[in-house]
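User: I would like to learn how to read a few side-chain features. Please walk me through them.

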Amino acid sequence: QVQLVESGGGSVQAGGSLRLSCAASGYSISNNYMGWFRQAPGKEREGVATIYTGSGSTVYADSVKGRFTISQDNAKNTVFLQMNGLKPEDTAMYYCAARDGATDSGIWLLRGYECDYWGQGTQVTVSS
């Protein structure tokens with residue numbers, strides 16, 4: 001049974017930092033596409049960052065480029081999202097997701113329907 005478990009969310013002031021973790025079990029993050037998504041109340045879910053763990057290639061949404069960094073630790077079977085320079089508009093539930101069985105097809109920002117497994121989410125709240 002595949003499980004993705006996010007952690008690391010919380011409440012911070014604008015300009016602060018958080019590091020989200022996504023620990024996978026029953027699934028190997030190696031040579032797969034992993035993504036972080038977020039959804040704010042009343043808004044659609046949006047892709048934030050994607051990594052292809054085979055090559056380490058990454059891509060980001062324009063809204064977070066230069067502030068967020070997605071990374072991997074294959075030994076821990078975990079993907080991270082380092083979030084710096086947080087803004088109130090970053091407030092959302094953040095979800096980790098995985099695309100299963102995909103070969104290296106370059107890098108693009110994963111869309112929700114392309115993901116096979118999802119975590120339960122971790123809340124990030126940024127106050128001004």
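Analyst: Start with contacts, meaning heavy atoms within 4.5 Å. Beyond neighbours within four places in sequence, R38 is in contact with E44, R45, E46, V48, S63, V64, F68, E89, D90, A92, M93 and Y94. This is a predicted model: local features need pLDDT of at least 70, side-chain atom pairs count only at pLDDT 80 or more, and totals for chains, interfaces and linings use all residues. Residues are numbered from 1 along each chain as its sequence is written, and side-chain values use heavy atoms, with hydrogens and water left out.

User: Is R38 buried or exposed?

Analyst: Buried means under 20% relative accessible area, exposed over 50%, partly exposed in between (1.4 Å probe, protein chains only). R38 has 5%, so R38 is buried.

User: Where do C22 and C96 lie?

Analyst: Strands are DSSP runs (E, at least two residues), numbered from the N terminus. C22 is in strand β3 (residues 18–25) and C96 in strand β9 (residues 92–99), so the pair ties together parts 74 residues apart in sequence. Both cysteines, C22 and C96, are buried.

User: What about C115?

Analyst: C115 is in no disulfide. The nearest cysteine sulfur, that of C96, is 8.9 Å away. C115 counts as buried, at 9% relative accessibility.

Notes:
Helix = DSSP H or I, 4+ residues; strand = E, 2+ residues; numbered from the N terminus. Disulfide = S-S within 2.5 Å.
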